[in-house]
Amino acid sequence: MESQVERAWFDDVMVPCYAPMQTVPVKGEGARVWDQNGKEFIDFAGGIAVSCLGHCHPVMVNALTEQAQKLWHVSNVMTNEPALQLARKLVSLCFADKVFFANSGAEANEAALKLARRVAFENYGEHKSEIIAFHQGFHGRTFFTVTVGGQASYSDGFGPKPQDVTHLPYNDLSALEAQISDNTCAVMMEPLQGEGGVVPPDAAFVEGVRALCDKYNAVLIFDEVQTGNGRTGDFYAYQGLGVTPDILTTAKSLGGGFPIGAMLTTDAIAAHMKVGTHGSTYGGNPLASAVALAVVETISSPQVLQGVREREQWFRDGFSALQQEFGLFSEVRGKGLLLGAALNEEWQGRAKDILTAAGEQGLLLLVAGANVVRMTPSLVISKEEVDEGFARLKRALASLTKA
Ligand SMILES: Cc1ncc(COP(=O)(O)O)c(C=O)c1O
């Protein structure tokens, strides 16, 4: 047995589709992470909007260890208690009547897209197959979801793509009005674009999308993989927008770090999935469902949701102070704890430099494109952790601006 695992092994034995930081984390607690050398990081990244209760929260550890001693896996030839409890909890928290469990955001979206196509096929016929989505949108990496996502650089180069997918500019209602027709089966959107630069929708746009979907009998799919489970201060972001989708997908924070995804929909739409139309060996397995149930019960409480709004202000205040000192940003946008600090003209293209400098100072950040520094921390991060994170960010910006 080798004693010391090294980052260099990544380049030897891993498929090179990532470029991970040089540091290798080995332990986490709350919003802090430590690497192999004992260096401490404040975590404003939250594992890309996943670690909603921070690292190793006792609620998750207890749920996992209790379930680990009872039952791990049965597949879908049987159902299981944690999955049923979780499904009931989720439908009690939103518009949906029915749940399909998957293992990731991409799989939840794959299910949503297949279901939308099936509904249109069965209700209206083969011609109704167009899926409309938006530039810069992100929906996952399966071939269908990456094709629906609005970044050709991710979907090009793999041969023929799934057909009849149209991309339009986000927040441009007239473009949608001009394109949507009786051939459109679904419109898929993030109710706040995450990967695409932390771009919120205009109220009139979301309302208009809903009205056009109704007019043309198209299913409205909200991808809440990043926005869901309390991240924007509502349990689901659609609840803060006042526009209800027909299908909603969720993953990331749903398991707080344990892989699980879900597609939620109405009875009428769910009825188009018959036995054998879709499935997943692991989807809704007892371990993932038990952890997700504990996570959802905790984060759906009014205290946690109110706490997200309070924490948003801590972050906005932190950026205002940095802006006064360094003047690098043009705006901070987003909602709740899905926030993006957009760089000004002079700093265009330098989000990655800020992420690297922050890492050196012991702060984990994310980017959303080349010009936006993104933060998706734990929903229960403490004031002390936020203050310490901003102190480290200040040192990072000072080192960069001096250079
Ligand atoms: C909005 C959105 N949808 C889907 C996905 C894909 O989720 P996963 O990586 O779990 O497949 C992501 C991941 O970043 C996302 O942000």
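Colleague: How many salt bridges does the structure hold?

Modeller: This is a predicted model, in which local features need pLDDT of at least 70 and side-chain atom pairs count only at pLDDT 80 or more, while totals for chains, interfaces and linings use all residues. Residues are numbered from 1 along each chain as its sequence is written, and side-chain values use heavy atoms, with hydrogens and water left out. If a salt bridge is a side-chain nitrogen of Lys or Arg within 4 Å of a carboxyl oxygen of Asp or Glu, the structure holds 20.

Colleague: Take Arg 32 and Glu 385: how many residues apart in sequence are the parts that this pair ties together?

Modeller: These two form a salt bridge, with their closest N and O atoms 3.9 Å apart. Arg 32 belongs to strand 2 (residues 32–35) and Glu 385 to helix 15 (residues 383–402), so the gap that the pair spans is 353 residues. Helices (H or I, at least four residues) and strands (E, at least two) are DSSP runs, numbered from the N terminus. In sequence, then, the separation is 353 residues.

Colleague: Is Glu 385 buried or exposed?

Modeller: Under 20% relative accessible area is buried, over 50% exposed, and in between partly exposed (1.4 Å probe, protein chains only). Glu 385 has a relative accessible area of 11%, so it is buried.

Colleague: And Lys 274 with Glu 122: which helix holds Glu 122?

Modeller: Their side chains meet in a salt bridge, 3.7 Å from N to O. Lys 274 sits in the loop between helix 11 (267–270) and helix 12, 152 residues away in sequence, while Glu 122 is in helix 5.

Colleague: How exposed is Lys 394, which pairs with Glu 325?

Modeller: That salt bridge is 3.5 Å, N to O. Glu 325 is at 49% relative accessibility and counts as partly exposed. Lys 394, at 39%, is also partly exposed.

Colleague: Which helix comes within 8 Å of helix 4, axis to axis?

Modeller: Axes here are lines fitted to C-alpha atoms over the stretch in contact, with angles from 0 to 180 degrees between N-to-C directions. Helix 4 (residues 81–92) crosses its partner at roughly 35 degrees. Contact means heavy atoms within 4.5 Å, and on the helix 4 side it involves residues including Pro 82, Leu 86 and Leu 90. The partner, covering residues 286–299, is helix 12.
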